[in-house]
Amino acid sequence: MAVLSCMKYLMFIFNVLVFAGGMCLAGLGLWVAVDPAGFQDIVAAKPALSAAAYLLLAVGIALSLLGFLGCCGALRRSRPLLLLFFILVSLVFVTQLVGALLFLLHWRKMQPEVFLAELRSNYHGDEAAEVFSTAWNTLMVTFSCCGVLGPEDFGNGSLFQQLQPGLPWPRACCAREGPLGAGRLRGWQQCRERSPGYIHEQGCFSTFGRTLQGYISVPGTCSLAVLGIEIFAMFFAFCLYYNFD
């Protein structure tokens with residue numbers, strides 16, 4: 001009886017953790033959906049990223065409800081509630097695993113060439129008003145970088161070259177005055193001549209990669225932690241189901 005009582009309270013504790021983990025995933029899903037880093041705007045084809053954000057939000061809400069259900073089942077010693085909890089958490093667990101595998105498969109495809117192809121096909125220039133070009137201009141000025149791999153990205157038959165045939169690269173690639181590098185240009189002519197100190201030679205893929213790693217690692221770490229908690233919660237639910245009368 002003492003062992004059963006201990007398992008009941010452990011089940012309650014782990015379900016509180018499932019509830020808290022679900023709330024964290026829901027919050028992270030909302031964070032990715034509102035996109036604080038502006039990552040979605042620099043990718044012309046972003047349905048998969050948006051779908052992943054809302055899937056994370058939905059799984060988080062579902063886990064929160066399941067955690068509450070598991071707590072009720074443990075405290076009320078209800079076998080039907082425990083069985084329902086075990087089945088539903090198992091389904092959510094499998095869904096998370098499948099989602100993680102799909103994410104890893106798609107993430108491996110996110111090479112510089114993917115971003116480069118979209119930049120060359122969709123970037124209009126410094127004065128463009130559409131979201132893709134505006135986002136890239138903001139990115140290049142904020143992170144002091146140029147293109148995906150470097151200034152050469154805007155040549156060789158790119159859309160920018162077709163629309164701006166007299167310019168080698170946009171002004172967003174040029175170095176600026178001010179503490180954050182967001183003031184006036186240091187020198188447009190020197191930038192066009194690619195004089196050292198007047199143009200950003202480094203591409204944005206490597207520069208933005210550090211921010212993107214943090215963007216991915218936080219949801220990934222939380223998801224792994226929640227998966228571990230779910231395994232323990234399912235174990236205790238299974239044991240309690242076969243020990244409650």
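**Helix contacts and aromatic residues in the predicted model**

Ser 133 lies in helix 5. The model described here is predicted. Ser 133 has a relative accessibility of 0% and therefore counts as buried, since buried means under 20%. Its neighbours within four places in sequence can be set aside. Ser 133 is then in contact with Asn 122, Tyr 123, His 124, Gly 125 and Ala 128.

One of these partners, Asn 122, belongs to helix 4. Helix 4 spans residues 112–122, and helix 5 spans residues 131–142. The axes of helix 4 and helix 5 come within 10 Å. They cross at roughly 120 degrees. The two helices are therefore oblique to each other. An angle of 65 to 115 degrees would count as roughly perpendicular, and one over 145 as roughly antiparallel. The crossing of helix 4 and helix 5 is left-handed.

Which residues meet where helix 4 and helix 5 are in contact? Helix 4 contributes Glu 118, Leu 119 and Asn 122. Helix 5 contributes Phe 132, Ser 133 and Trp 136. The residues of this contact divide into three nonpolar, two polar and one charged.

Aromatic rings were examined next. The model holds four aromatic pairs. In one of them, the rings of Phe 154 and Phe 160 have their centres 5.5 Å apart. Their planes stand at 70 degrees, so the pair is edge-to-face. The cut-off for this class is over 60 degrees. Are these two residues buried or exposed? Phe 154 has a relative accessibility of 2% and so counts as buried. Phe 160, at 1%, also counts as buried. Phe 154 and Phe 160 form one aromatic cluster with Tyr 123. Tyr 123 is also among the residues in contact with Ser 133.

Another tyrosine, Tyr 54, is found in helix 2. This helix covers residues 47–76. Tyr 54 has a relative accessibility of 52% and counts as exposed, because the cut-off for exposed is over 50%. Tyr 54 and Gly 29 are 25 residues apart in sequence. In space, the C-alpha atoms of Tyr 54 and Gly 29 are 6.1 Å apart.

Phe 154 counts as buried, and so does Phe 160. Tyr 54, by contrast, counts as exposed.

Conventions
Residues are numbered from 1 along each chain as its sequence is written. This is a predicted model: local features need pLDDT of at least 70, side-chain atom pairs count only at pLDDT 80 or more; totals for chains, interfaces and linings use all residues. Side-chain values use heavy atoms; hydrogens and water are left out. Axes are lines fitted to C-alpha atoms, for helices over the stretch in contact, and angles run from 0 to 180 degrees between N-to-C directions. Helices (H or I, at least four residues) and strands (E, at least two) are DSSP runs, numbered from the N terminus. Angles under 35 degrees count as roughly parallel, over 145 as roughly antiparallel, 65 to 115 as roughly perpendicular and the rest as oblique. A crossing is left-handed if the near helix is turned anticlockwise from the far one by less than a right angle, and right-handed if clockwise. Contact means heavy atoms within 4.5 Å. Ala, Val, Leu, Ile, Met, Phe, Trp, Tyr, Cys and Pro count as nonpolar, Asp, Glu, Lys and Arg as charged, and the others, Gly among them, as polar. Buried means under 20% relative accessible area, exposed over 50%, partly exposed in between (1.4 Å probe, protein chains only). Rings of Phe, Tyr and Trp (its six-membered ring) pair if their centres lie within 6.5 Å; planes under 30 degrees apart count as stacked, over 60 as edge-to-face and the rest as tilted.
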